[in-house]
Amino acid sequence: MPSAVREAVSGVVGTLVSMFVFYPIDLEKTKIQAQSPSNTPSNSSVHQSPLSLLLRILKTFPPTSSSSLAATYAGVSHKACYSVVSSFTFFFLLTLLKNRYKASRSTTKIPPQINLVLSCLAAMGNTLLTLPLDGLVVRIQTGSSPLPSFSPDLWAGL
């Protein structure tokens, strides 16, 4: 297996594990970001401290019914799809850039400054390629998308 694919797959596995562990917090964060402070009552979550929000999320664990589990992980399949694509793209691009740099310089070491530049280029390429999918995932998480669950029509929302 080529090193770029191997690195990308490793990055995807790590990303998926952390995404599933922290998804309820990410979902709440996304919902709060989508709220407008002028349209919410003063006791809503948009005015709470980060600690009180975290405590509110932790009180829902473990979910007591399948409906609360479904609400806690609403949109997780879409977020997992985005996370896989984004993580794979970043690590694949980064490894390709590093390999190309090493080949052009006939070296096995990359100076920290060059490594930083290559990482920035990989991140910019990743953002350019995955931003439309990220926008779709946010719309699904906030309930403003017509797609209720994971389906082959995921790309229709782009």
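This briefing covers a helix pair, a salt bridge and a surface patch. The structure is a predicted model, in which local features need pLDDT of at least 70, side-chain atom pairs count only at pLDDT 80 or more, and totals for chains, interfaces and linings use all residues. Residues are numbered from 1 along each chain as its sequence is written, and side-chain values use heavy atoms, with hydrogens and water left out.

**Helix pair**
- Helices are DSSP runs (H or I, at least four residues), numbered from the N terminus.
- The axes of helix α1 (residues 3-34) and helix α4 (residues 76-105) come within 8 Å and cross at roughly 145 degrees; axes are lines fitted to C-alpha atoms over the stretch in contact, with angles from 0 to 180 degrees between N-to-C directions.
- The residues of the contact of α1 with α4 comprise 16 nonpolar, seven polar and three charged.

**Salt bridge**
- One salt bridge (a side-chain nitrogen of Lys or Arg within 4 Å of a carboxyl oxygen of Asp or Glu) is found in the whole structure.
- Lys79 and Asp26 meet in a salt bridge at 3.3 Å, N to O.
- Lys79 lies in helix α4 and Asp26 in helix α1, 53 residues apart.
- Both Lys79 and Asp26 are buried, meaning under 20% relative accessible area with a 1.4 Å probe, protein chains only.

**Nonpolar patch**
- A nonpolar surface patch of about 960 Å² includes Val9, Val17, Phe22, Leu51 and Phe88; its residues have over 30% relative accessible area and no salt bridge, with nonpolar side chains joined within 5 Å.
- Helix α1 gives the most to the patch, with six residues.
- Val17, in helix α1, counts as exposed because its relative accessibility is 53%, and exposed means over 50%.

Key: Helices (H or I, at least four residues) and strands (E, at least two) are DSSP runs, numbered from the N terminus. Ala, Val, Leu, Ile, Met, Phe, Trp, Tyr, Cys and Pro count as nonpolar, Asp, Glu, Lys and Arg as charged, and the others, Gly among them, as polar. Patches are made of residues with over 30% relative accessible area and no salt bridge: like charges are joined within 9 Å, nonpolar side chains (Val, Leu, Ile, Met, Phe, Trp, Tyr) within 5 Å. Accessible areas come from the Shrake-Rupley method with a 1.4 Å probe; for residues, only the protein chains shown count as cover.
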